[in-house]
Amino acid sequence: SSDQAAVLPFDDHCFSLAINQQRTRMWLPLRPPPPLSLALTQAPCSLTLSPSPPSLSRSPSRQSVCASLSPSALGRRFYSSNSLSSASASASASTSTSSSPSSTSVASSIYFVIGGPGSGKTTQASWLATKLKYLHLSAGDLLREELETNSEESSLIQSYLSQGKIVPSYITLSLLRKAIQQGGERDYLIDGFPRSFENASDLLHTRDLAPKVKGIIYFECDQSTMQERLISRGTSSGRSDDTKSAIPKRFAVFQNETVKVLEWMRDEQNVPVLNVDASLSLEEVRANFLDQFLSFRKQQEESAQPEE
């Protein structure tokens, strides 16, 4: 292709992307799992690191990066085959927004709720939010609401959901940030996010959101129980991801990506995790869930207090 893309080092956390000599700054994940995937959609060009930034050269698995350009972390907003200049401006604006410490989020605290499909995370998170007067946001519900708007991204969202795949992070994170802006300064329970390393990396690079994350609630449930719930729900939900063809793919994504993200955030990023047995009935989970969370929250608040 006549279009040339090159990545040049900028500092420990940032790189400079030049497309046909038009340069902008973008964020690189600090600790993504190999292989690191950098992607620009609709782009017939190749992307290489030359030379490797210092932060990458420390890890053998990240010394050389070359990606086939498909939908991923950078998303359609960073590249348009019709306008390279608009791509550069869009990418720069996006980076500026995510790196600003006060431009978007006014959340007091954020607790993420993670669980497999059919674990009951949305139902239970909504119940807990009502009890504590938190604002509950469901990443999945926000995506499905976006489908109804016939926006530029709706067809892409539909494609990913119907295949049981994870929607590109830039779309989901944008919807969450918008909802938090509208919700105002309060405490949040957000379920269904992060689900991938792309989600987690993007989240940890949003300086306004990352400091607000106080912990993760993990709904543990065996696959057979979740499958029974999904099949039962699919008879009336009308959701494109509750079909027999999509359910196995959703389980595979959850095990291969989301569980690993949870372990990485807990073990390497030191994000506290509350484990909840979600294989119990709805009433049995609720019998202990409120007390479990209040105790968990108290522990995090006490640990955050400065030592005298």
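**Entry 1**

Asn-270 sits in the loop between α9 and β9 (273-277). Its phi is positive, about 60°, although Asn-270 is not a glycine.

I then turned to Asn-150, in the loop between α4 and α5. Its phi is near 55°, again a positive value in a residue other than glycine. Asn-150 is exposed, with a relative accessible area of 66%.

**Entry 1: what I am working with**

The model is predicted, so I note that local features need pLDDT of at least 70 and side-chain atom pairs count only at pLDDT 80 or more, while totals for chains, interfaces and linings use all residues. Residues are numbered from 1 along each chain as its sequence is written, and side-chain values use heavy atoms, with hydrogens and water left out.

I recorded 10 helices and 9 strands for the protein. These are DSSP runs, numbered from the N terminus: helices are H or I with at least four residues, strands are E with at least two. Of the 308 residues, 49% are buried. I also looked up contacts (heavy atoms within 4.5 Å). Among contacts with a separation of 6 or more, 72% are between residues 24 or more positions apart.

Which residues of α4 are buried? I listed Ala-139, Leu-142, Leu-143, Glu-146 and Leu-147. Seen down the axis of α4, these buried residues fall within an arc of 150°, so they line one face of the helix. The arc is taken from the directions that run from the helix axis to the C-beta atoms. What covers the buried residues of α4 includes β6 (135-138), α5, α6 and β7 (187-191).

For α5 (residues 154-162), the buried residues are Ser-154, Leu-156, Ile-157, Tyr-160 and Leu-161. Down the axis of α5, they fall within an arc of 160°, so they also line one face of their helix. They pack against α4 (139-147) and α6 (169-183). After α5 comes Gly-164, which has a positive phi near 70°.

**Entry 2: around α7**

I checked Glu-198, which lies in helix α7. Glu-198 is buried, with a relative accessible area of 19%. A polar atom of its side chain lies 3.1 Å from the backbone nitrogen of Ser-169. For a polar contact I need a pair of N or O atoms within 3.5 Å; within protein, one must be able to donate a hydrogen and the other to accept it, and residues adjacent in sequence count only if both atoms are side-chain atoms.

Thr-206 lies in the loop between α7 (197-204) and β8 (213-220). Thr-206 is buried too, at a relative accessible area of 1%. A polar atom of the Thr-206 side chain lies 2.5 Å from the backbone oxygen of Leu-203.

In the loop between β7 and α7 I found Pro-194. Phe-193 and Pro-194 are joined by a cis peptide bond, with omega about -5°.

**Entry 3: the second largest pocket**

How much space lies in the second largest pocket? I noted about 730 Å³. On a 1 Å grid over the protein atoms alone, a pocket is an open set of points where a 1.4 Å probe fits, with protein on both sides within 12 Å along at least five of seven lines; lining residues have an atom within 4 Å of a point. Grid points are joined across faces, edges and corners, and the volume is the space filled by probe spheres set on the points.

The lining has 42 residues, and the closest to the centre are Pro-117, Lys-121, Thr-122, Arg-239 and Arg-250. The elements giving two or more residues are β5 (109-115), α3 (121-132), α4, α8 (223-237), α9 (246-267) and α10 (282-304). The largest share, 5 residues, comes from α4.

**Entry 4: Arg-233**

Last, I looked up Arg-233 in helix α8. Arg-233 is partly exposed, with a relative accessible area of 30%. Leaving aside neighbours within four places in sequence, Arg-233 is in contact with Arg-239, Asp-242 and Arg-250. Arg-233 and Gly-118 are 115 residues apart in sequence, and 8.7 Å apart in space from C-alpha to C-alpha.

Note on methods
Buried < 20%, exposed > 50% of the residue type's maximum accessible area, 1.4 Å probe, protein only.
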